[in-house]
Amino acid sequence: MNRLEDRTVDWWMWILVIIAVIVIAVALVLVVQSRRRSGGVIAVSDIKKPSDPGSQS
Amino acid sequence: MSLLIRASALTKKPVVTLDGEDIAQVKDVLYEGSGGSVIGFTLSGRGLFAGPKNVALPWSEVVGCGRDAVMIASDQALQEQQDLVASHDIGERNVLGARLVTDTGVDLGAVVDVIVEAADVADVVGYEVEASAALGGDARNVLIPLPDALSVSGEALMVPAAALDFVSDDLAGFGAAVDDFRASLRGEN
Amino acid sequence: MLFSEALRRPVMSISSATSLGAVDGFVVDVKRPQVVALRLAGSDQVIEWDRIESFGPDAVTVADDEVPAEQKGRVQALADARFALLNKRVLDDRGDESGTVHDVDFDPESGRVTSVITSTGSLDGDRLIGCGPYAVVVRAADAANS
């Protein structure tokens, strides 16, 4: 009886592992995509260019 | 000849060489916080699994910036991102979502987009805000013209209260509104 | 002559009077702009333009002269499917799209590309700038006139 219970637990473990792998794969794609997609408009304070117009008075 | 573009329309545009290769796509639009001139773009890769790139595209290297693509001469146009802009600026100073406040202390709303005038030199000429109560607040977006010199911080953007007289609802009449606004500022000075 | 008219035309060898195959595609050097080779159906082999004796109404005839190796190499590089013109989007140097390439008109004597027919109209062959995996790049309409 005990042994049967152990086996049941093992069986569930595999399902969980597979689900976890799928979740991680999907999450990876989503993270990459969101990093890629997140377009912004960025106000830069110090330009690293020699041709800085120096508009601050 | 110049063209008014929403910055959101620039992001995700493919960056294509004159040899017809799409080597990247636009991620962020970078502009100079005090003067408003567009410095360039950060880039990300084109594939499904491609992440952000370490190289950036300076505006001076852009051959053409149209409805469907940003054109460059070749991949030589790209520069290391740290040569173009300090890395701590990126991510901390995204103006999308920042509050737009007048110099008289009126909160106009959250910036949802930035209007760029693209010519040989590109300039940020206006902000699109989700109108707050001060602007009527009926959940519409309005375009606010900007003076030549800007004031920007991580949390808020400042505009002169006089800009409120030159607000427009769409891009069609906005170019003229910017010109009128800037002319009136010069007149006062 | 249009690409669509020349397609499936048999390629005949003059010396042996046998058919080498049917025309299946065109290799174009957009920088010149010039058809530099023909593709044959069911074969990786290309027929370099210099080997073509005449582009007749019913068949393309080729001599058996060998083409210099360095020229062969350049044609092979251009023969990559990534540089094919047909069905590719057309993008001008300002960054505006104008349809896709439907057909190409070329001079059967010289191989020169005279015009490109797109889904939105036709444009002069001289306006071609480049052709890559993403798009065919052409000079914008106004810039070409000036």
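Two strands are taken to pair if DSSP finds at least two bridges between them, and strands (E, at least two residues) and helices (H or I, at least four residues) are DSSP runs numbered from the N terminus. The model shown is predicted, so local features need pLDDT of at least 70 and side-chain atom pairs count only at pLDDT 80 or more, whereas totals for chains, interfaces and linings use all residues. Residues are numbered from 1 along each chain as its sequence is written, while chains are lettered from A and ligands numbered from 1 in the order in which they are written.

**View 1. The E4-E3-E2-E1-E6-E5 sheet of chain C.** Six strands of chain C form an open sheet of mixed pairing in the order E4-E3-E2-E1-E6-E5. Strand E4 (46–48) and strand E5 (52–55) of chain C stand at its edges, and because each has a single partner strand, one side of each is left without a neighbour in the sheet. From one strand to the next the twist averages 35 degrees, where axes are lines fitted to C-alpha atoms, for helices over the stretch in contact, and angles between N-to-C directions run from 0 to 180 degrees. E3(C) and E4(C) run antiparallel and are joined by three bridges, and C:Leu38 stands opposite C:Ile47 in E4(C). Helix H2 (residues 69–78) of chain C lies across strand E2 (19–29), E3 and E4 of chain C, running at about 130 degrees to E4(C); here, as in the other views, two residues are in contact if their C-beta atoms, placed from the backbone, lie within 7 Å.

**View 2. The E10-E9-E8-E7-E12-E11 sheet of chain C.** This open sheet of chain C has six strands in the order E10-E9-E8-E7-E12-E11, and its pairing is mixed. Its edge strands are strand E10 (121–124) and strand E11 (128–131) of chain C, each of which pairs on one side only. Neighbouring strands are turned against each other by 40 degrees on average, direction ignored. Strand E7 (residues 89–92) and strand E12 (residues 136–138) of chain C pair in the parallel sense over three bridges, with C:Leu91 standing opposite C:Val137 in E12(C).

**View 3. Surroundings of C:Val136.** The largest nonpolar core has 96 residues, of which B:Val116 and C:Val136 touch the most other members. Such a core is a set of buried Ala, Val, Leu, Ile, Met, Phe, Trp, Tyr and Cys residues joined through C-beta atoms within 7 Å. A residue is buried if 20 or more other C-beta atoms lie within 10 Å of its own, exposed if 12 or fewer, and partly exposed in between, with C-beta atoms placed from the backbone. Not counting residues up to four places away in sequence, C:Val136 touches B:Gly20 of chain B as well as residues of chain C, including C:Leu85, C:Val101, C:Leu128 and C:Cys131.

**View 4. The two domains of chain C.** The domain assignment, which is automatic or from a database, gives domain 1 (3–80) and domain 2 (89–145) in chain C. Their C-alpha centres lie 22 Å apart, and the contact takes nine residues from domain 1 and 11 residues from domain 2. On the domain 1 side, the elements that give two or more residues are helix H1 (3–6) and strand E3 (34–40) of chain C. That side divides into seven nonpolar, two polar and no charged residues, where Ala, Val, Leu, Ile, Met, Phe, Trp, Tyr, Cys and Pro count as nonpolar, Asp, Glu, Lys and Arg as charged, and the others, Gly among them, as polar.

**View 5. The two domains of chain B.** Chain B is divided into domain 1 (3–89) and domain 2 (99–188), whose C-alpha centres lie 24 Å apart. In the contact, 17 residues of domain 1 meet 18 residues of domain 2. Strand E1 (3–6), helix H1 (7–10) and strand E3 (22–32) of chain B each give two or more residues to the domain 1 side, and the largest share, four residues, comes from E1(B). By class, this side has 10 nonpolar, six polar and one charged residues.

**View 6. Contact between chain B and chain C.** Here 17 residues of chain B are in contact with 15 residues of chain C. The elements of chain B that give two or more residues to this contact are strand E2 (14–17), strand E6 (62–65) and strand E7 (70–72). The side of chain B that touches chain C has eight nonpolar, four polar and five charged residues.
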